[in-house]
Amino acid sequence: MDASKQFCPNEACSARGQKEQGNIIIHDRKRQRYRCKACKHTFSARRGTMFEGLRKPVDLIVIVVTLLTYGCPIQAIVHAFGLDERTVADWRDRAGAPCHKVHQAIVEQGQLDLMHVQADEMRVKGCKMIAWMGLAMMVSTRLWVAGVVQVSRDRSLADRLLSQVRRSAQALRPLLVLTDGWAAYPKSICRAFREKVKQTKGPGRAYLQVWPELHIGTVIKRTEKKRVVEITRRMTHGLLAQAEKLLLLSHGGRSLNTAFIERLNGTFRERLASLTRKSRHAARRLRALETGMYLIGCTYNFCFVHHELSKASHVGSPCTPAMAAGLTDHVWSIWELLSYRIAPPPWIEPKRRGRPGKQAEPIKTVRNRPRVRLRKGVLCSTTV
Ligand SMILES: [Zn+2]
């Protein structure tokens, strides 16, 4: 147990979220509990992680989640480890939560120079439902930047996906976005990548202007008998010459393409059992799909070494997409990902509102009457 790496998770504590301040001490080694000296509360070493409240050994949980990230069906895990089916499903859902947090805290706050982004959506066949999963990636580092799951394939799917991409991007950088021929994309992209511009002095509304160096390309594939027979490439916004420059800079092929996102779709389909085509493990709930997506996406970004990135032509040593994007400096273990905790924001003393109160003055008592002391057996002058 290492108290210096812990922080107080108590929201009401004045020392919450602070590391190495000496306020955390070990409370109980046997039960793995720490104690905060500021608020006197104790908390478990598993607090705020995926393992909180679970009684099974951490090693077993990590093994099961690792198998799930490789697309192992739940039934196989149930058979191999003698666990209940609901337990494994619960662990998968629980594992998705820290992954979602990691994505929000690291990728969405990354301020990345995206340069070249590809977006696409997948049709997912669930049990008595059809769902859509939109995915987007940064091509130069192969980083998965955004994912959305929804029952309908409409404008809101594209809007949610691209606003998530926007959150991870550095503003006003040259950017090329390539998508397939779905008509909702170009307008959604323009809506996501625009900034407020004030054109007149003084009060008044600021205009929203699309980034000047935003380029949108569309790649439409026509198929006959499941074979691609014709590819139409066109620019829907921006200039082709600039788009080709960005393609070259990001090592994203020579012509407009969606090959990289289609490869990522393949990785997701391969690793998430419910996304596999003609699968017998169809998803029953949308939430299971979403947690599964975050689990696969975050392990892809942080835990698994990317084959192409590790080649000498790119980085030359074992490298994950998050390392290539400069978001981390090492390959994460699954345990590290699952036990990732986000510290609560530092406590700020609440501001006093209104006029400062007057200093209380000592109350003066005014005596109108002379003090009368009653004595036993003597008549008092005032009572006569
Ligand atoms: Zn505390």
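**Salt bridges and a zinc site in a predicted model**

Arg92, Asp93 and Arg285 are joined in a network of salt bridges. The model is predicted.

Biologist: How far apart are the closest N and O atoms of Arg92 and Asp93?

Modeller: Arg92 is buried, and Asp93 is buried as well. The two form a salt bridge, with their closest N and O atoms at 3.4 Å.

Biologist: Which residue meets Arg153 in a salt bridge?

Modeller: Arg153 lies in the loop between strand S6 (143-150) and H4, and its partner sits in strand S4 (residues 116-126), so the pair ties together parts that are 32 residues apart in sequence. The N to O distance is 2.8 Å, and the partner is Glu121.

Biologist: What is the geometry of the zinc ion's site?

Modeller: Cys8, Cys13, Cys36 and Cys39 coordinate the zinc ion through their SG atoms at 2.2 to 2.3 Å. The angles among the four donor atoms are 105 to 114 degrees, and the site is tetrahedral.

Biologist: Is Cys39 buried or exposed?

Modeller: The cut-off for buried is under 20% relative accessible area. Cys39 has 19% relative accessibility, so Cys39 counts as buried.

How values were computed. Residues numbered from 1 in each chain as written. Predicted model: local features only at pLDDT ≥ 70, side-chain atom pairs only at ≥ 80, totals over all residues. Heavy atoms only, no water. Donors = N, O, S within 2.8 Å, 3.2 Å for Na, K, Ca; no water. Tetrahedral: all angles 85-135°; square planar, octahedral: opposite > 155°, others 65-115°. Buried < 20%, exposed > 50% of the residue type's maximum accessible area, 1.4 Å probe, protein only. Salt bridge = Lys/Arg side-chain N within 4 Å of Asp/Glu carboxyl O. Helix = DSSP H or I, 4+ residues; strand = E, 2+ residues; numbered from the N terminus.
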